2 protein chains.
Amino acid sequence: MPTKERILGAAEELFARHGFEGASLRQLTAAAGVNLAAVNYHFGSKDRLIEEVFRRRLDQLNGRRLAALQKIAGEPGTTIEDVLAAFITPALELSHDGNGSLFMRVLARAFAEHDDTLRKFLSDNYGHVMRQFTAEFARLLPTLSKEELYWRVDLVTGALTHAMSGFGMIQRKSDVPEQRHREQTAEHLIRFAASGLKAP
Amino acid sequence: MPTKERILGAAEELFARHGFEGASLRQLTAAAGVNLAAVNYHFGSKDRLIEEVFRRRLDQLNGRRLAALQKIAGEPGTTIEDVLAAFITPALELSHDGNGSLFMRVLARAFAEHDDTLRKFLSDNYGHVMRQFTAEFARLLPTLSKEELYWRVDLVTGALTHAMSGFGMIQRKSDVPEQRHREQTAEHLIRFAASGLKAP
DNA sequence: GCAAGAATCAAACGATCGTTTGAGGATACG
DNA sequence: CGTATCCTCAAACGATCGTTTGATTCTTGC
């Protein structure tokens with residue numbers, strides 16, 4: 001595997017496990033089996049590496065989410081549950097290839113970082129997706145005020161990030177296959193979030 | 001103010017802003033206006049300081065939450081909304097004195113840390129509260145399976161942590177007083193979470 | 001008022017951090 | 001074959017990390 005990919009893979013894992021400050025380039029390059037200087041050679045700096053970790057997965061994730069939304073947006077039969085599924089399912093699929101599930105933990109860490117540079121980066125690369133989904137929610141929930149809708153979408157995001165990154169006390173039982181566990185996660189998530197969005 | 005309190009205050013602020021690894025003892029002691037060696041003198045180590053930051057606020061928070069729950073638990077007229085309010089309101093009150101609001105951000109960071117030591121500490125000092133609240137939810141939602149209930153409580157926790165730590169895009173508008181903003185947060189949170197918990 | 005303990009201080013400890021350097025190996029193209 | 005380009009490597013850079021030390025100051029009780 002090319003050096004750049006090995007670095008990105010190891011970075012994703014170690015950032016998820018120890019945070020951006022907590023994972024050192026020496027741990028990282030050792031885990032990837034590459035020379036220490038390779039990070040600065042291929043990415044320029046640690047900060048640029050962090051951005052690249054995000055860009056690689058977010059491009060994938062955003063693309064799939066928007067594609068799924070496109071298929072149902074504006075259609076007469078579309079339900080809240082459909083829109084939520086369009087948002088959640090791509091995140092589950094991401095967990096299939098490689099250690100993509102770790103990326104959701106990295107994303108959760110990024111939310112926790114109130115660092116302005118990182119927040120701006122996320123807003124630039126993530127904001128337009130949220131905006132399109134919010135617009136579709138608005139269509140399906142016409143009685144909600146704009147403010148109320150923003151609040152609820154925000155709360156859904158919180159629940160989702162929490163669940164997808166494996167924060168909580170819900171752990172996969174050893175007798176449940178991983179893929180089935182993810183499907184269950186999605187089912188619970190959609191049922192809960194749909195009901196929360198539709199609150200009177 | 002005594003040295004220990006000044007350190008704890010500065011630690012809370014810097015841990016919220018830069019994370020546990022990101023905030024150094026030199027920044028921290030400089031912000032507190034105390035000598036660098038004071039942390040190791042009064043707390044023994046940085047890790048013990050981190051635990052003390054949690055203990056101080058969690059004791060307060062857990063006490064108020066359990067007291068509020070005690071008043072309504074098992075009573076015939078109690079609603080889901082009441083239980084949620086018992087859980088949420090103490091967190092809002094915490095934001096009144098000093099920079100207690102920063103603590104919710106520290107707590108959110110702790111969730112993001114998958115460090116086993118910290119997770120065990122939180123489980124020991126936080127778990128029994130969650131268990132009591134979950135028991136009361138179980139009483140009010142008798143049709144829910146145990147598994148389903150755990151999932152929903154977990155998702156509520158995620159939404160709550162997200163909202164309370166100011167993760168999301170909802171920012172307080174400058175013309176809304178801070179206390180009113182917190183009340184609005186609680187109202188939206190309770191309405192959303194109650195509906196999510198009661199999902200069919 | 002003076003000995004004893006608690007608290008603060010500047011300074012230094014070894015370790016580790018992100019980054020840079022310059023020499024050397026690998027690869028592709030004329 | 002030679003050379004230019006991409007890449008890797010060990011080593012070192014200065015900075016900063018958490019922690020420790022030993023001297024000094026402050027506080028307390030007899």
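Across all chains of this predicted model, a search of the whole structure turns up 22 salt bridges. Let's work through a few spots together.

**Exercise 1.** Find where A:Arg152 and A:Glu148 sit, and decide whether each is buried or exposed.

*Solution.* Start with the pairing: the two side chains form a salt bridge, 3.1 Å from N to O. Finally, apply the cut-off: buried means under 20% relative accessible area. A:Arg152 has 3%, so it is buried, and A:Glu148, with 12%, is buried too.

**Exercise 2.** Work out how B:Arg17 and B:Glu13 are placed in their helix, and classify their accessibility.

*Solution.* Their salt bridge spans 2.5 Å, N to O. The residues are 4 apart in helix H1 (residues 3–18) of chain B, so about one helical turn separates them.

**Exercise 3.** Classify B:Thr161 and B:Asp47 as buried or exposed, and describe the setting of each.

*Solution.* Take B:Thr161, in helix H8 (residues 146–164) of chain B. Its relative accessible area is 11%, so it is buried. Beyond neighbours within four places in sequence, B:Thr161 contacts B:Ala108 and B:Phe111. Now turn to B:Asp47, in helix H4 (residues 46–72) of chain B. Its 57% is over the 50% cut-off, so B:Asp47 is exposed. B:Asp47 belongs to a surface patch of negative charge, whose members include A:Asp47, A:Glu21 and B:Glu21.

Technical notes: Residues are numbered from 1 along each chain as its sequence is written. Chains are lettered from A and ligands numbered from 1 in the order in which they are written. This is a predicted model: local features need pLDDT of at least 70, side-chain atom pairs count only at pLDDT 80 or more; totals for chains, interfaces and linings use all residues. Side-chain values use heavy atoms; hydrogens and water are left out. Patches are made of residues with over 30% relative accessible area and no salt bridge: like charges are joined within 9 Å, nonpolar side chains (Val, Leu, Ile, Met, Phe, Trp, Tyr) within 5 Å. Accessible areas come from the Shrake-Rupley method with a 1.4 Å probe; for residues, only the protein chains shown count as cover. A salt bridge is a side-chain nitrogen of Lys or Arg within 4 Å of a carboxyl oxygen of Asp or Glu. Lys and Arg count as positive and Asp and Glu as negative; His and the chain ends are not counted. The place of a charge is taken as NZ of Lys, CZ of Arg, CG of Asp or CD of Glu. Helices (H or I, at least four residues) and strands (E, at least two) are DSSP runs, numbered from the N terminus. Buried means under 20% relative accessible area, exposed over 50%, partly exposed in between (1.4 Å probe, protein chains only). Contact means heavy atoms within 4.5 Å.
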